[in-house]
Amino acid sequence: MTTATGRLDGRVVVFTGAGGGIGLSAVRRFVGEGARVVAVDISDRVAEATADLGDAVIPVVADVSTWEGNCAAVDAAVGAWGRLDVFVGNAGITDAARPLEDIPGEDLARAFHELFDVNVLALLLGARAALPALVESRGSIILTGSFASSHAAGGGALYTASKHAVLGVVRQLAYELAPDVRVNGVAPGVAPTRLKGLSALGQEATDSVLDGTAAILPLQRVPELSDFDGAFVMLASDDAAIMTGAMVTIDSGLSVRGLSRPGGRVGAS
């Protein structure tokens, strides 16, 4: 009699931005696939959100835009399970699609640093903190990009610039760390989640899905959070053993949307 195993059996993962949204959904899937996860978030809600996952998850409340926060997450994984196989840099904030012209000049530098500290610097800090353990395990790094990593109007000037930077980080680290550590990214499009806005611009959390969103997507539906899980699992698993430097796009077809209508058969009788 054989025993079913998960695709991530035995793997130890640090996953940031795990207190809700895409991150929390993916952490649940990782645990279901046999992984043990240090779930990191700046909010203490991460402990409550993962409480039902038991000993497979260690919640860590930390600011991932700091070196100390990332070291604490890596230390928690290595201290509990003796290794680290995957670092997922998923934490992110938004500029609520604010055009450059609408940002007061005196607020621009502060808004830039606030957003880039979370969306870019935190990924570099996390990758650096995890690097010795990942080299030892010949593990992998997964960074969350966006439709805005390769297109305009997926956010405002600051957000789009930051997500383009994530694509550059994926490619550069894939080069620098080969052959010991694979580095890939996931680029979601529309997702049913809320992202924290910029305090420098007085922004609250912003909904990513507006009324009528489904109608503009080629696949004609707003995805569920769980629709993104599979890409993270695949990149963390042996199925991606020869993948590095890739950004996996999961955007409901948004990047191939037509000018006249979203998809060729949309509205066809």
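This note goes through the sheet, the helices packed on it and one glycine of a predicted model.

1. Basis. In this predicted model, local features need pLDDT of at least 70 and side-chain atom pairs count only at pLDDT 80 or more, while totals for chains, interfaces and linings use all residues. Residues are numbered from 1 along each chain as its sequence is written, and side-chain values use heavy atoms, with hydrogens and water left out.

2. The sheet. Seven strands form an open sheet in the order E3-E2-E1-E4-E5-E6-E9, with parallel pairing; strands pair if DSSP finds at least two bridges between them, and the elements are DSSP runs numbered from the N terminus (helices H or I, at least four residues; strands E, at least two). Strand E3 (57–61) and strand E9 (247–250) each have a single partner strand and stand at the edges, so one side of each is left without a neighbour in the sheet. On average, and with direction ignored, neighbouring strands are turned by 15 degrees against each other.

3. A strand pair. Strand E1 (residues 12–16) and strand E4 (residues 86–89) run parallel and are joined by three bridges, and Val-14 stands opposite Phe-87 in E4.

4. Helices across the sheet. Helix H3 (residues 67–81) lies across E1, strand E2 (36–41) and E3, at about 155 degrees to E2, where axes are lines fitted to C-alpha atoms, for helices over the stretch in contact, and angles run from 0 to 180 degrees between N-to-C directions. Helix H7 (residues 229–236) lies across E1, E4, strand E5 (140–144), strand E6 (182–188) and E9, running at about 175 degrees to E6.

5. H3 against H4. The axes of H3 and H4 come within 9 Å and cross at roughly 35 degrees. The contact (heavy atoms within 4.5 Å) involves Trp-67, Asn-70, Cys-71, Val-74 and Val-78 of H3, and residues of H4 including Leu-125, Gly-126 and Arg-128.

6. Helix H5. Helix H5 (residues 157–177) has 21 residues and reaches 30 Å from its first C-alpha to its last, close to the 30 Å expected at 1.5 Å a residue, the expected span being 1.5 Å times one less than the number of residues. Among its buried residues are Leu-158, Tyr-159, Val-166 and Leu-173, and what covers the buried residues of H5 includes helix H4 (105–137), E5, E6, strand E7 (194–195) and E9.

7. Gly-6. Gly-6 lies in the segment before E1 and is partly exposed, with a relative accessible area of 22%; buried means under 20%, exposed over 50% and partly exposed in between (1.4 Å probe, protein chains only). The C-alpha atoms of Gly-6 and Glu-33 are separated by 4.1 Å, although these residues are 27 residues apart along the chain.
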